[in-house]
Structures are given as C-alpha cells and as structure tokens.
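Biologist: I would like to go through this model term by term. Tell me what stands behind each label.

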Amino acid sequence: MRQKVRRALLLVSLILFPITIYYFSPYLIIMGASEHVINGSFIVFTIMFIASMFLGRVWCGWLCPAGGLQECVARINNKPPKQGKREIIKYVIWIIWMITIVVTFILAKSDVTINPFYMTDHGISVSCIYDYVIYYGVIFLLIVPCMIHGRRAACHYICWMAPFMVIGSTIGRWLRLPQLHIEAETDKCIGCGKCNMACPKGLDVRKMVSEGANSRCTECMQCGACVDECPKKVLKYRMTWKRAR
C-alpha cells in the first residue's frame with residue numbers, strides 16, 4: 001500500500017511538472033541573481049536543503065517529478081546503473097552552478113527583492129508555446145540517461161537538486177539532528193536480494209545491510225521499497241540521530 005501511495009504522488013507531481021518546472025530551475029536562479037531577485041527556485045532549493053537535515057532525500061523518493069518520470073522509463077530499462085565515479089558529475093555541475101550564482105549576485109547592483117513567481121505567468125511555468133521547447137528539452141535530458149544506463153540514472157549522474165539534499169542530510173547527521181533513515185537488523189538478513197531488486201535507484205541494499213551502512217547512504221531516497229519488500233522485516237524506518245562516520 002505504501003508503494004502505491006508513493007507512486008501515485010510521483011505521478012501527480014509528474015503531471016504537474018509543466019506548472020512547477022520553473023521552481024526547480026538553475027537558470028532562473030542565475031537570472032534572479034543577476035537582478036538581485038530571490039525567486040521561487042531559490043526558495044524551493046532552500047526548503048529542500050533544510051528539510052533534508054531531518055528527512056534525508058524524502059523529496060527524491062516521494063515527490064520529485066523527475067523521479068516520477070524516471071520510474072516510468074524504468075519500464076524500458078530496469079537494470080541498476082553503474083555507480084561510483086560517475087556520480088561525481090552532478091557535483092561538478094552543482095559547483096559550477098553555485099559559483100555562477102555567487103558571482104552573478106555580487107556583480108548585480110539593484111536592491112534585493114523577493115518574487116516567488118519570477119519569470120512565470122501567474123505562477124505557471126509553461127504558459128506559451130516557446131516554453132515547451134525548454135520543457136521537452138529537460139524531459140529529454142532526464143530520459144536519455146535512464147534509457148541508456150538504467151534505473152534513475154539521471155538522479156545518479158546529473159541531478160542538480162541532489163547535492164543540496166546530500167549536503168543537508170550529511171550536516172544533519174553531524175549536528176546529531178533527529179533524522180529519518182532506514183536501519184537494518186543485520187543478523188536477520190538471509191541474503192535473498194529482494195531489497196536490491198526493489199530499490200528504484202538500483203542501490204546495493206544487501207551489501208549495505210551486511211556492512212550496517214544503510215543509515216549513512218546519501219543516495220538512499222527513503223522510498224521504503226526495500227523495507228516493504230524484505231520478507232524477514234530486516235529493514236525499518238527510524239527517526240533518530242545518527243552521527244556520521
């Protein structure tokens with residue numbers, strides 16, 4: 001039942017993506033910085049960062065429209081993507097983006113204002129035919145890695161939102177904040193591998209269980225698929241502080 005609710009939320013978020021896409025836009029933040037405008041994207045990314053200190057990457061697993069799109073594409077290619085060094089790409093993208101925002105903001109000369117609906121039509125992102133070029137460009141950018149590399153490959157390799165939540169959840173652990181995570185009772189594990197097959201991101205959950213590393217995995221998006229699939233109830237949600245190691 002939990003996974004049905006999760007998938008339904010992702011589907012609704014995906015359907016609303018033409019309305020909300022400009023609230024997840026790196027380009028709009030840069031444009032806003034050039035005019036000293038704190039826009040909707042800036043506010044949304046800030047909320048993601050703060051929320052991740054307590055909830056980890058819940059956004060990715062339950063509400064992200066890009067995540068919903070990628071889980072649909074998994075019907076075409078459901079193999080686990082190669083991980084490791086390739087995941088550095090999204091941090092390189094994020095660092096370049098952050099530097100660009102800071103430099104652009106410093107060079108701007110107008111007064112700082114707050115406008116959540118900046119560059120939208122009454123809050124609607126895709127409001128004219130030209131906006132669809134951007135919209136479908138983003139859709140193409142998200143779909144291609146998944147079709148080639150497998151489950152949620154765009155999340156692993158190029159997602160510009162993920163670093164905010166990875167950094168936020170890591171800071172939350174260091175500050176010993178109460179944080180939602182998944183823990184495992186290692187001694188109960190029978191090594192069936194059903195958790196690996198269930199994970200929408202293709203993570204090696206079984207290996208993390210054997211190493212006791214589930215609660216520290218920054219790629220885990222708290223979707224609970226492994227929790228629901230485990231026949232021995234080895235995996236469970238916890239809302240406690242866990243010091244980073």
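Modeller: Start with the lining of the second largest pocket: 17 residues are nonpolar, one is polar and none is charged. Keep in mind that this is a predicted model.

Biologist: Which residues lie nearest the centre of the second largest pocket?

Modeller: Ile21, Ser25, Pro26, Ile134 and Val138, out of 18 lining residues. The volume is about 280 Å³. At least two lining residues come from each of α3, α6 and α8. The largest share, four residues, is from α8.

Biologist: How do the residues lining the largest pocket divide into nonpolar, polar and charged?

Modeller: Nine are nonpolar, four polar and eight charged. That pocket has a volume of about 500 Å³. Its lining holds 21 residues, and Arg6, Arg7, Glu71, Arg75 and Pro200 lie nearest the centre. α1 (2–15), α6, α11 (194–198) and α13 (225–229) each supply at least two of the lining residues. α1 gives the most, five residues.

Biologist: Why is the pair of Tyr132 and Tyr135 called edge-to-face?

Modeller: Two values decide it. The ring centres are 6.3 Å apart, and a pair needs centres within 6.5 Å. The planes stand at 85°, and edge-to-face means over 60 degrees. Both tests are passed, so the pair is edge-to-face.

Biologist: Where do Tyr132 and Tyr135 lie?

Modeller: Both are in helix α8, three residues apart, about one turn of the helix.

Biologist: Why is Tyr132 called partly exposed, and why is Tyr135 called buried?

Modeller: Buried means under 20% relative accessible area, and exposed means over 50%. Tyr132 has 33%, so Tyr132 falls in between and is partly exposed. Tyr135 has 10%, so Tyr135 is buried.

Biologist: What makes the pair of Phe17 and Phe24 tilted?

Modeller: The angle between the planes is 35°. Stacked needs under 30 degrees and edge-to-face over 60, so this pair counts as tilted. The centre-to-centre distance is 6.4 Å, against the limit of 6.5 Å. Phe17 and Phe24 are both buried.

Biologist: How many aromatic pairs does the structure hold, and which residues form one aromatic cluster?

Modeller: There are 10 pairs. Phe17, Phe24, Trp59, Tyr132, Tyr135 and Tyr136 form one cluster.

Biologist: Which members of the largest nonpolar core touch the most other members?

Modeller: Phe17, Ile21, Phe45, Trp97 and Met161, in a core of 37 residues. Among the elements that give two or more residues to this core are α3 (26–34), α4 (40–55), α7 (88–107) and α10 (162–174). The largest share, five residues, comes from α8.

Biologist: What is Phe45 in contact with, leaving aside neighbours within four places in sequence?

Modeller: Phe24, Ser25, Ile29, Trp97, Trp160, Met161 and Phe164. Apart from this core lies another, of 15 residues, including Cys195, Leu203, Val205 and Cys230.

Biologist: What is the phi value of Arg152, and why is Arg152 called buried?

Modeller: Phi is near 45°, a positive value in a residue other than glycine. Arg152 sits in the loop between α8 and α9. The relative accessible area is 1%, under the 20% cut-off, so Arg152 is buried.

Biologist: Where does Lys233 lie?

Modeller: In the loop between α13 and β4 (235–240). Phi of Lys233 is near 55°, again a positive value in a residue other than glycine.

Terms used
Residues numbered from 1 in each chain as written. Predicted model: local features only at pLDDT ≥ 70, side-chain atom pairs only at ≥ 80, totals over all residues. Heavy atoms only, no water. Core = buried A, V, L, I, M, F, W, Y, C linked by side-chain atoms within 4.5 Å. Buried < 20%, exposed > 50% of the residue type's maximum accessible area, 1.4 Å probe, protein only. Contact = heavy atoms within 4.5 Å. 1 Å grid on protein atoms, 1.4 Å probe; cavity = no way out; pocket = protein on both sides within 12 Å on 5 of 7 lines; lining within 4 Å. Points joined across faces, edges and corners; volume = space filled by probe spheres on them. Nonpolar A, V, L, I, M, F, W, Y, C, P; charged D, E, K, R; others polar. Phe/Tyr/Trp six-rings, centres within 6.5 Å; stacked < 30°, edge-to-face > 60°.
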